Amino acid sequence: GLQCIELKSRETKFWRHQKDKPRTYLATIEAIYYFQLEYHQSFVPSEYTGQYDDLLFFFVFMYGTIKELYDGGKQLKAYSSPETDKNKAEAYMLLIDKD
């Protein structure tokens, strides 16, 4: 069968609420990003310097756009998770602003 992996230590920042799914169910681009990051940290001898951070550019862009369209995200379940909106946006903006 098809091999699969699970990134259990990461929680999604995705804006769409995933009913009855844990916060560890990542958006596709998040899964790709975290896989690349963990692979690099585990198997590449050089230090990670943000090589994969641009993968999240459009994710961050859409996060801000959707939040703005929906009055700061107050009506969206995904924005009202235990982790605050501010912390979610800051976490990804830090990745994008590393340059």
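What does the accessible surface of the protein chain come to, and what percentage of it belongs to carbon and sulfur atoms? After that, take me through helix 1.

Reply: A caution before the numbers: this is a predicted model. The accessible surface of the protein chain comes to about 7200 Å². Carbon and sulfur atoms hold 56% of that surface.

The chain has 99 residues, and 31% of them count as buried. Its secondary structure is three helices and zero strands. Along the sequence, that reads α-α-α. Take the contacts with a separation of 6 or more: 52% of them join residues 24 or more positions apart.

Now helix 1. It covers residues 28-43. Start with its length. The helix has 16 residues, and at 1.5 Å a residue these should span 22 Å. The end C-alpha atoms of helix 1 are 22 Å apart, so expectation and model agree.

Next, its sides. The buried residues in helix 1 are Glu30, Tyr33, Tyr34, Leu37 and His40. Viewed down the axis, the buried residues of helix 1 fall within an arc of 125 degrees, so they line one face. The face turned away from that buried side carries exposed residues: Thr28, Ser42 and Phe43.

Glu30 deserves a separate stop. Its relative accessibility is 0%, and buried means under 20%, so Glu30 counts as buried. The side chain of Glu30 has a partner: a polar contact of 2.6 Å joins it to the side chain of Thr12.

Then the aromatic residues. Phe35, Tyr39 and Phe43 form one aromatic cluster.

For context, look at rings elsewhere in the chain. A pair of aromatic rings is described by the distance of the centres and the angle of the planes. A search of the whole structure finds five aromatic pairs. One of them is Tyr48 with Tyr52: the centres are 5.5 Å apart and the planes are at 20 degrees, so this pair is stacked. Both Tyr48 and Tyr52 are buried. Another is Phe57 with Phe58. Here the centres are 5.0 Å apart and the planes are at 85 degrees, so the pair is edge-to-face. Phe57 is partly exposed, with a relative accessible area of 43%. Phe58 is exposed, at 61%.

Terms used: Residues are numbered from 1 along each chain as its sequence is written. This is a predicted model: local features need pLDDT of at least 70, side-chain atom pairs count only at pLDDT 80 or more; totals for chains, interfaces and linings use all residues. Side-chain values use heavy atoms; hydrogens and water are left out. Helices (H or I, at least four residues) and strands (E, at least two) are DSSP runs, numbered from the N terminus. Buried means under 20% relative accessible area, exposed over 50%, partly exposed in between (1.4 Å probe, protein chains only). A polar contact is a pair of N or O atoms within 3.5 Å; within protein, one must be able to donate a hydrogen and the other to accept it, and residues adjacent in sequence count only if both atoms are side-chain atoms. Rings of Phe, Tyr and Trp (its six-membered ring) pair if their centres lie within 6.5 Å; planes under 30 degrees apart count as stacked, over 60 as edge-to-face and the rest as tilted. Contact means heavy atoms within 4.5 Å. Accessible areas come from the Shrake-Rupley method with a 1.4 Å probe; for residues, only the protein chains shown count as cover. The expected span of a helix is 1.5 Å times one less than its number of residues. The arc is that of the directions from the helix axis to the C-beta atoms.
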